[in-house]
Amino acid sequence: MPDLMYEIKKKRVDELKLRELEKGMDSITIRLWVNESHFQLGMIYEISYSDQKWSARWIEYYESFNDQPWDESHIYWHQMNFKIDSFRVQRIGVEDLSDFLKKLEAENIYRLKTSYEVEGWESGHSDGNYFYVEVATNAFYHFSSFGEPGFYEEKFPEFKNMANVLRLFDEEFEIFKYNQSGRPMVRYPGLEKLQKLIARDE
């Protein structure tokens, strides 16, 4: 079976009409994908350096699945059986992200392992947020994926690296909000707006 998370990522890239980073970039591009399993929505934070300047943007998207009975023997088909219904793109004003990039490099951003490659790890959390990282230059491409790395960061250094990458993105772009217990929750601007409208009408 192919890498399911990578295949899902490829399908999302195709439906969102994004550039395939596997084909290379002029200088460097990093994409952080955040996927919420409960609400069938996701966010992408993308930073790029090209023509001697930095740029950044976020993309929020909503998915729907073909309503079919769950069958574990066909998990690949079920996970791939989605379409993106809508999305929106917002540019982020940035100046120099060189220090931010150095901090990401200190967390091994170019060589992050996918969770199932971490020796000794067994998943105990199937729901929640899933995170993908893509890094591309003119001669290099790397993909990694993790589910809720904060649950395992004290036990596995690779999960600690990914958890720190998320913290760095949060410090730079405020990608999380925090619930009463202090647990980070992903900010989805469109979902927050919808929730406010529902509360207003109740």
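1. The largest nonpolar core has 33 residues, and Ile 30, Leu 32, Ile 47, Leu 104, Met 162 and Phe 169 have the most contacts inside it. Here a nonpolar core is a set of buried Ala, Val, Leu, Ile, Met, Phe, Trp, Tyr and Cys residues joined through side-chain atoms within 4.5 Å; buried means under 20% relative accessible area, with a 1.4 Å probe and protein chains only. At least two residues of this core come from each of strand 1, strand 2, strand 3, helix 3, strand 5 and helix 4 (157–173). Helix 4 gives the largest share, seven residues.

2. A word on the basis: this is a predicted model, in which local features need pLDDT of at least 70, side-chain atom pairs count only at pLDDT 80 or more, and totals for chains, interfaces and linings use all residues. Residues are numbered from 1 along each chain as its sequence is written, and side-chain values use heavy atoms, leaving out hydrogens and water.

3. Which residues does Met 162 touch, not counting those up to four places away in sequence? They are Leu 32, Leu 112, Phe 131, Val 133, Phe 146 and Pro 149, where a contact means heavy atoms within 4.5 Å. A second, separate core of 15 residues includes Met 5, Tyr 6, Tyr 61 and Phe 82.

4. Now the overall layout. The protein chain has five helices and eight strands, taken as DSSP runs (helices H or I, at least four residues; strands E, at least two) and numbered from the N terminus. Their order from the N terminus on is α-β-β-β-α-β-α-β-β-α-β-β-α.

5. Six strands form an open antiparallel sheet in the order 4-3-2-1-5-6, with two strands counted as paired if DSSP finds at least two bridges between them. Strand 4 (82–92) and strand 6 (141–147) each have a single partner strand, so one side of each lacks a neighbour in the sheet.

6. Strand 2 and strand 3 (residues 53–65) pair over 10 bridges in the antiparallel sense; Ser 48 has Ser 55 of strand 3 as its bridge partner. Helix 3 (residues 98–106) packs on the sheet, touching strand 1, strand 2 and strand 3, and makes about 70° with the direction of strand 1. Such angles run from 0 to 180 degrees between N-to-C directions, with axes fitted to C-alpha atoms, for helices over the stretch in contact.

7. Is Tyr 45 buried or exposed? Tyr 45, in strand 2 (residues 41–50), is buried, with a relative accessible area of 4%.

Definitions and conventions:
Buried means under 20% relative accessible area, exposed over 50%, partly exposed in between (1.4 Å probe, protein chains only).
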